[in-house]
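Thank you all for coming this morning.

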Amino acid sequence: MSDKRTCLYQEHVELGAKMVPFGGFEMPLQYSDITDEHNAVRQACGVFDVSHMGEVLVTGPEAERFVQHIFTNDVSGAPVGKIFYGMMLHENGGTVDDLLVYKMGDTQFFLVINAANIDKDYAWIESQAKAFDVQTENQSEHYGQLAIQGPKAEEVCRKVLGMELQDMEFYHFATLEKDGETLIVSRTGYTGEDGFEVYGTHAYIVRAWQALMASGEVKPCGLGCRDTLRFEVGLPLYGDELGDDITPLEAGLGIFVKLDKPEFVGREALAKQKAEGLTRKIVGIELNSRAIPRHGYEVVAADSEEVIGTVTTGYNSISTGKSVCMAMVRIDHAKLGTPIRVRIHKRLHEGVVTKKRFYEKNYKK
């Protein structure tokens with residue numbers, strides 16, 4: 001059993017959530033039905049406990065130069081309040097983690113990292129920080145976090161939490177004073193829908209959760225539909241579409257890798273990989289049958305028994321009704337429209353390579 005619990009653990013138990021281990025925490029997989037929770041986010045509003053995520057504060061005279069060094073995206077000259085998505089890399093180009101970087105000031109950045117990687121990430125960040133005039137602080141124990149997601153998220157935040165967020169742009173954040181506490185609120189999420197993420201003390205997050213539940217305006221949502229939602233819109237999960245042995249270019253995330261930056265850890269390896277050409281790539285696959293492809297299943301060539309890849313994530317898509325998956329495949333089978341097969345329970349099911357985005361995102365731009 002996991003040895004960590006978020007500040008909302010007792011709330012989940014009282015709601016009858018099915019709890020499972022994830023990233024070293026006991027987390028809710030679902031409360032009622034994954035399909036119902038998924039649809040609530042697509043059609044109205046759902047709320048997730050994401051207090052297991054990690055937060056690292058970077059401060060000091062060389063904070064921006066340090067973030068530029070460890071991060072694939074380019075934060076230089078960005079305004080305060082802007083958020084960037086990108087990766088931290090090993091020297092060989094493999095991914096330490098994907099993360100969000102919040103610019104809180106010219107000498108202050110807030111890094112949001114994956115729960116399962118907190119210890120690994122922070123040790124790596126500390127090792128890199130030694131050459132810079134910066135201080136790093138692992139604040140993961142201090143924060144709780146809610147993700148309020150769906151087309152009605154803005155309305156819910158206003159009516160229930162008293163937050164006026166209509167002017168906040170996508171991938172921006174603000175610090176708000178509520179109930180005598182300072183919160184970080186961002187227009188971000190992991191569902192493909194409009195929504196907000198709220199960081200605060202454990203006490204505030206518990207009060208906010210209770211208010212949301214009492215309002216009847218939202219449905220509590222677990223990790224089950226968090227995965228089906230992110231998957232449908234092609235968002236990667238570390239450990240599936242990204243990892244120590246997978247580069248951002250192989251994952252199809254090159255847009256978040258700024259090779260025109262003078263330097264960052266892993267830059268030379270990615271520049272070499274790009275110049276030489278990829279040998280494999282994450283693609284989308286749509287099957288002709290209703291069989292469900294799962295993580296680790298073999299992807300097989302259409303005209304032979306040759307294994308040319310493996311499934312990273314697969315579902316019967318709740319929003320589209322199609323059996324689809326993301327898979328790492330050999331580059332000569334990665335072109336859109338390429339026929340392939342997936343081995344499911346010893347039987348080969350025919351399919352075709354598609355875009356990774358099986359459902360269109362509905363962010364507020």
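This is a predicted model: local features need pLDDT of at least 70, side-chain atom pairs count only at pLDDT 80 or more; totals for chains, interfaces and linings use all residues.

Let me begin with a question: does Cys225 count as buried or exposed? Cys225 counts as buried, because its relative accessibility is 0%, where buried means under 20% relative accessible area, exposed means over 50%, and partly exposed lies in between, computed with a 1.4 Å probe on protein chains only.

Residues are numbered from 1 along each chain as its sequence is written, and side-chain values use heavy atoms, with hydrogens and water left out.

Staying with the cysteines, a disulfide is a covalent bond between the sulfur atoms of two cysteines. Here a disulfide is taken as a pair of cysteine sulfur atoms within 2.5 Å, and by this rule the count comes to zero. For Cys225, the closest cysteine sulfur belongs to Cys221 and is 4.1 Å away, which is too far for a bond. Cys157 has its closest cysteine sulfur in Cys45, at 6.9 Å, and that is again too far for a bond. Cys157 also counts as buried, with 0% relative accessibility.

Let me turn to the helices; helices (H or I, at least four residues) and strands (E, at least two) are DSSP runs, numbered from the N terminus. Cys225 is one of the buried residues of α7, and this helix is mostly covered, with ten of its ten residues buried. After α7 comes Gly234, whose phi is positive, near 75°.

Asp227 also lies in α7, which spans residues 223-232, and Asp227 counts as buried at 17% relative accessibility. What does the side chain of Asp227 make a polar contact with? The partner is the side chain of Tyr315, at 2.5 Å, a polar contact being a pair of N or O atoms within 3.5 Å, where within protein one must be able to donate a hydrogen and the other to accept it, and residues adjacent in sequence count only if both atoms are side-chain atoms. If we set aside residues up to four places away in sequence, Asp227 touches Leu237, Thr313 and Tyr315, with contact meaning heavy atoms within 4.5 Å.

Helix α3, residues 63-70, is mostly covered too, with six of its eight residues buried. Those buried residues are Ala63, Phe66, Val67, Gln68, His69 and Ile70, and they pack against several elements, including β5 (54-59), β7 (95-105) and α4 (118-129).

Next comes a pair of helices. Helix α5 (residues 153-161) and helix α6 (residues 202-215) pack at an angle of about 105°, with their axes 10 Å apart; the axes are lines fitted to C-alpha atoms, for helices over the stretch in contact, and angles run from 0 to 180 degrees between N-to-C directions. That makes α5 roughly perpendicular to α6, a term that covers angles of 65 to 115 degrees, whereas under 35 is roughly parallel, over 145 is roughly antiparallel, and the rest are oblique. On the α5 side, Val156, Val160 and Leu161 meet residues of α6, among them Tyr204, Ala208 and Leu212.

Finally, let us look at the loops. Pro236 is found in the loop between α7 and α8, and Pro236 is buried, with a relative accessible area of 9%. Lys258 is found in the loop between α7 and α8 (267-276), but Lys258 counts as partly exposed, at 26% relative accessibility. The C-alpha atoms of Lys258 and Asp74 are separated by 6.4 Å, although these residues are 184 residues apart along the chain.

Most residues other than glycine have a negative phi, and most peptide bonds are trans. Asp179, however, has a positive phi of about 55° although it is not a glycine; Asp179 sits in the loop between β11 (173-178) and β12 (181-186), and counts as exposed at 57% relative accessibility. His345 likewise has a positive phi, about 50°, and lies in the loop between β19 (339-344) and β20 (347-354), where His345 is exposed with a relative accessible area of 68%.
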